[in-house]
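Student: I am new to this structure. Could you walk me through it, please?

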Amino acid sequence: MTEISPTGSPPPGNPPELPINLLEYQPLAARRLSKMAYDYYASGATDELTLRDNRAAFARRKIRFRVLAGVGQRSSRGEVLGAPFEFPVLIAPMAFQGLADADAELATARAAGAAGTVMILSTLSNVALEEVVAAGPAPVWFQLYVYKDREATAALVRRAEAAGCQALVLTVDAPLLGRRERDVRNRFHLPDGLQAKNLHAAGYGQLAPVASDSGLAAYVGSLLDPNLSWEDLTWLRSITKLPVLVKGVVRGDDAERALSAGAAGIVVSNHGGRQLDTSVATLDCLEEVASAVAGQVPVLLDGGVRRGTDVLKALALGAQAVLLGRPILWGLGSRGQAGVEHVLELLKAEFDQALALSGCSSLAEVTRDLIA
């Protein structure tokens with residue numbers, strides 16, 4: 001425990017106490033990030049109703065805990081598509097981590113390795129994918145946007161395979177960029193020295209300010225393919241040996257189409273509330289998607305995870321694991337790699353406690369009957 005002086009401040013030379021939960025990292029990061037960077041990470045689309053509802057959906061579910069279940073020895077280990085994890089939380093793909101810390105995605109990859117989990121690397125990373133894969137022992141999956149320039153897209157796929165990425169995660173909920181009004185107001189762009197490094201060779205690495213909009217919205221509108229269809233998933237599978245997960249599914253019928261097109265996994269996601277505002281919260285549609293998939297491939301969930309009980313609820317409703325997004329950025333933006341590691345440590349400890357207090361000693365015991 002940090003000693004506190006009579007004035008209420010820590011003595012000189014002593015670090016402030018660390019946050020004790022993931023929610024406390026956000027204000028810490030807000031004090032250290034630029035307004036443009038903070039708003040880019042924090043914002044949702046238009047009125048940000050879905051952004052908030054992703055969190056509220058977890059609060060609406062109540063846990064029917066078991067008792068006298070003998071939980072003195074517990075394990076949260078598992079695997080998804082052959083990638084092992086120490087607990088069922090993977091790092092979601094998030095663009096432009098260089099806005100948070102100079103080590104950017106390298107710091108996140110190293111933290112993932114220390115935590116024993118998977119990092120999903122964004123197409124729009126500020127560090128080249130080869131460097132991220134080489135940064136540490138964490139399995140890396142590569143999140144893919146499909147560009148109008150299909151050769152540039154295919155080149156990304158070839159590089160991901162050659163670098164040692166273990167899966168592709170195709171994002172399908174962004175034919176256009178959702179209107180993020182904070183980014184419009186800030187004229188979001190990448191500062192000098194930062195690029196979308198994976199697209200540098202193709203000439204798509206720059207993201208400059210524009211006069212009356214978000215620079216990212218202009219970038220997506222000019223370069224990404226809004227005509228993406230199920231045939232393109234078939235095309236993607238034809239050019240890679242890697243398993244392809246489909247990210248951005250909120251309907252059972254779309255999950256069935258993804259399976260028919262050969263998807264190796266489904267990520268239930270509404271892009272963190274950043275695309276279509278008033279779209280359904282991810283936890284609210286998880287059971288429908290999991291029922292449609294019927295155990296044929298892994299189902300993952302992202303959106304709103306902040307507590308160990310959130311992870312437990314997602315697993316009970318049909319997910320094999322969850323993806324953690326913004327809290328990773330808050331840890332990175334406030335304390336770099338150490339912050340990301342601590343965020344994951346906090347969530348792992350909370351999940352272990354949630355397992356014990358709900359009467360479970362392993363992931364297999366987290367079943368639907370736990371949720372009221």
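Predicted model: local features only at pLDDT ≥ 70, side-chain atom pairs only at ≥ 80, totals over all residues.

Student: Which residues of helix H1 are buried?

Tutor: Residues are numbered from 1 along each chain as its sequence is written, and side-chain values use heavy atoms, leaving out hydrogens and water. Helix H1 covers residues 25–32 (helices are DSSP runs of H or I with at least four residues, strands are runs of E with at least two, numbered from the N terminus). Its buried residues (under 20% relative accessible area; exposed is over 50%, partly exposed in between, with a 1.4 Å probe and protein chains only) are Tyr25, Leu28 and Ala29.

Student: Within what arc do the buried residues of H1 fall?

Tutor: Look down the axis of H1. The arc is that of the directions from the helix axis to the C-beta atoms. The buried residues line one face of the helix, because they fall within an arc of 95°.

Student: Which helix do the buried residues of H1 pack against?

Tutor: Packing here rests on contact, meaning heavy atoms within 4.5 Å. The partner spans residues 326–358. That is helix H13.

Student: Is Leucine 68 buried or exposed?

Tutor: Leucine 68 lies in the loop between helix H3 (49–60) and strand S1 (78–80). Its relative accessible area is 89%, so Leucine 68 is exposed.

Student: How many helices and strands are in the protein chain?

Tutor: The protein chain has 372 residues, and 57% of them count as buried. Its elements are 13 helices and 10 strands.
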